[in-house]
Amino acid sequence: MSIAVITGWGVVHRLGMGAAAFTRGVWSVVHGRAGGRQTTLGEYQITEHLGRRGIGSLDRVAGFAVHAGGLTLEDAGLEVDEEIRDDVGVVLASHAGSMQSTADVVGASYTGRRPFDVPPQLFPNGALSASAAWVAMRYGLQGVNATVSSGQVSALAAMAYAQNMLRNGQASIVLTGAAYEHTVYSSVLAEHARHQYGVTLPQGEGAALFAVELADRVPGQRVCAEILAVDVRGASLPCSQSEIATALGDCIGAALRSAGVSPGEVWAAVTGENGSPVWDRTERQGVCLGLGREPARWVPAKQWVGEMWGAAGAFQLAVILGLVRVDPSGDEETVCVLTSVDPAGPVGALVVRVLLPTRGVA
Amino acid sequence: MTRRVVITGLGPVASIGVGVEEFRSAVRNGTSGIGPDTRLRDQGFPTYHTGALRFDPSCLLRRLSASGTEWSDNDLLAAAAARLAVMDAGLDEETLRCGRTAAIVGTTHAETETLEAWVLQATLRGGPEHVSPALLDRMLSGNLAVAASRELGLTGEAVVIPTVCAAASYAVGYGYDRIRHGEVDIVVAGGADLAVRMGHAGFTRLGALAKTTCAPFDQSRSGTLIGEGGAVVVLEELTAATARGAHVYAEVLGYGVNCDARSMVSPTADRIAACIRKAHRQAGIEPADVGYISAHGTGTRANDAAEANAIMQVFGVSPPPTSSTKSVLGHTMGAAAGFNVIAAALALDEGYVPPTVHFTAPDAETRWLDVVANKAREVQPGIAEIHGFGFGGLNAVLMLGRMR
């Protein structure tokens, strides 16, 4: 079966808007040249990036997704016209959609004169699938439109789903990735995670999207990276840390076999570590089990972008695409393993080969 | 060479009945599960007839505890429906625990009930930071599938597909793909949704709710009614199912998914038609092969008109018999397409087409449909087409075939 390849990507993040700016931002923080550690977007206004037309009742998280979707189409050089519209899909990972939109609708129901005095334009935004639908509406993408949720592993699960859609002809190009908004609700959840698991990373926010297509339909020079394998699993039974580490190890092992990659070829393990002593240890154990050794490098990608839960995997991928471009120790083709662990049980691994733009294509 | 995928277990947890026997009898006879919900009336909602579930998940669950704080009611419902489907399929614990097995659950609301409880606490106590920690533990997305997976001891992926009211078809379609490509052998797939305040408030505000009766495609239709339930099926590879002597209800032939990309709330007939054609192409069939359409049929004026128009575009003036389970269930959101799948699998298996109740006469917009009015029709469909559409212009059409 043909593998999925990334032909363009777009990021909305404090580190930079768009693949190139984000890559420069990653370079700055990795080399310690960026001041501060701000990872949220503060007073971000979607209208400054997309204008006022067609914005309607876009909420913050959908705004990030739509903005990143446009940057991705641009980076991939995709003009979505009538001929291909039906074949371009969107598959996003979602943690909880817009908790703020949902809370605004529900809050209005509790406090309004009548229980149905809710803002009608906000009501559809409460759906977890709203961001993906907004991206489709903005750019006229009429292929599959789906949203996938599996805790921390959501973005990897979305990539697996996107790949499946390409293989089955439900779309020939899919924009996949995730968006996450920092709100008062997410702050409370983050504080809870700090108490419960010792998570130390600050919250991040933004969106990272990737245009994926099947390798056999794309000329080589357009490829930024190859998704060699994705493997996601739920943990079936209430299990111990060591059992979850074993599950992650199995997951990585299976992904590497499916990718035809030996552990020695892996340049870096790009983990979802977030400062939680227990979960970071579990994830590292899993990686070592899966590779049968320590990886050549650990890249705890979220330290530069912040914690974004269900959207985290998309940012791990964006960070490594950027990092490989600016790290002189990377080869022309660099294989990395991305990993995700969720305290509720799901684990995931993605094997990606990042290609440097040496052929004059940035 | 791809593998054939069949449905070998049905797990309906519905207002009209729990389990295959009760569900079949109610759907076939057109027995409605709709009634007044005085709690909603007392809260001040002008429309308060719903298809509410009266169900205790602990009567089905073997591993998950229904009394602790770990799982939301929606999680427990998904897990119970999955357990029911597995029991109906006659699968033993060992096969589930040692094989390549996965859970894929569609939903509209996911953990919204938990967020609503949080918002209520925030409203009463003066801010979102005043919240019971136990609620926050239940905010994890993916929990519906993790709960089903834990209940059954499954080994593979546990994924939630929250694609609103088409979600269960997405889930069944994805499970079908996983099995036919040989990545997994058994998948529990479907949808689950309990009613939430946000849904009732939002649909009331949009004017989408009927007073007392959901009458899809009828001239008098005035809106939908909110229902709830869990609808999960067991998908299995054909030769393995046959080898263990399983009863095969139907075969999954293929599906199509697409998007209107035009409006958040208004459906588009030509995009629905394109989705139906895509499903036919994927399944390798012609319109004339379809013997039953299990419609999305919400009972709102605009939705039914768009769906009827799309059916005419694809099937011309003599479309197959069509009915909507929402006339007896109400709109069960993420479970809706799952109930359509279960109703269609039973219809193919036993040779009838279930009715749409409350149907008196069509109007100008639905007149070309062959609505199975009020009484089941004794015909044997060979292929059933399942419709599921949702907010954001999300369309899913799934094709099931009779097993011979």
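**Figure 1. The contact between chain B and chain A.** In this predicted model, the contact takes 75 residues from chain B and 67 residues from chain A, contact meaning heavy atoms within 4.5 Å. About 5800 Å² is buried between the two chains, 66% of it on carbon and sulfur atoms; buried area is the accessible area (1.4 Å probe) that two parts lose on being put together, summed over both. Arg150(B), Met198(B) and Met264(B) supply 12% of the area that chain B buries against chain A, more than any other three residues. Residues are numbered from 1 along each chain as its sequence is written, chains are lettered from A in the order in which they are written, and side-chain values use heavy atoms, with hydrogens and water left out. Local features need pLDDT of at least 70 and side-chain atom pairs count only at pLDDT 80 or more, whereas totals for chains, interfaces and linings use all residues.

Figure 2. One salt bridge is counted between the chains, defined as a side-chain nitrogen of Lys or Arg within 4 Å of a carboxyl oxygen of Asp or Glu. Asp86(A) forms a salt bridge with Arg271(B), and their closest N and O atoms are 2.6 Å apart. On the side of chain B that touches chain A, the elements that each supply at least two residues include α7 (143-152), α9 (197-205), β10 (250-259) and α11 (269-283) of chain B. Helices (H or I, at least four residues) and strands (E, at least two) are DSSP runs, numbered from the N terminus.

**Figure 3. An open sheet of three strands in chain B.** The strand order is β3-β4-β8 (chain B), with mixed pairing; two strands pair if DSSP finds at least two bridges between them. At the edges lie β3 (35-36) and β8 (226-227) of chain B, each pairing on one side only. β3(B) and β4 (residues 49-51) of chain B run antiparallel and are joined by two bridges. Pro36(B) has His49(B) as its bridge partner in β4(B).

Figure 4. Chain A has 11 helices and 11 strands. Its radius of gyration is 19 Å, close to the 21 Å that the globule rule gives for 362 residues, so chain A is as compact as a globular protein of that length. The radius is taken over C-alpha atoms, and the rule is 2.2 Å times the number of residues to the power 0.38. Chain B has 14 helices and 15 strands, and its C-alpha atoms fill a box of roughly 60 × 50 × 40 Å along the principal axes.
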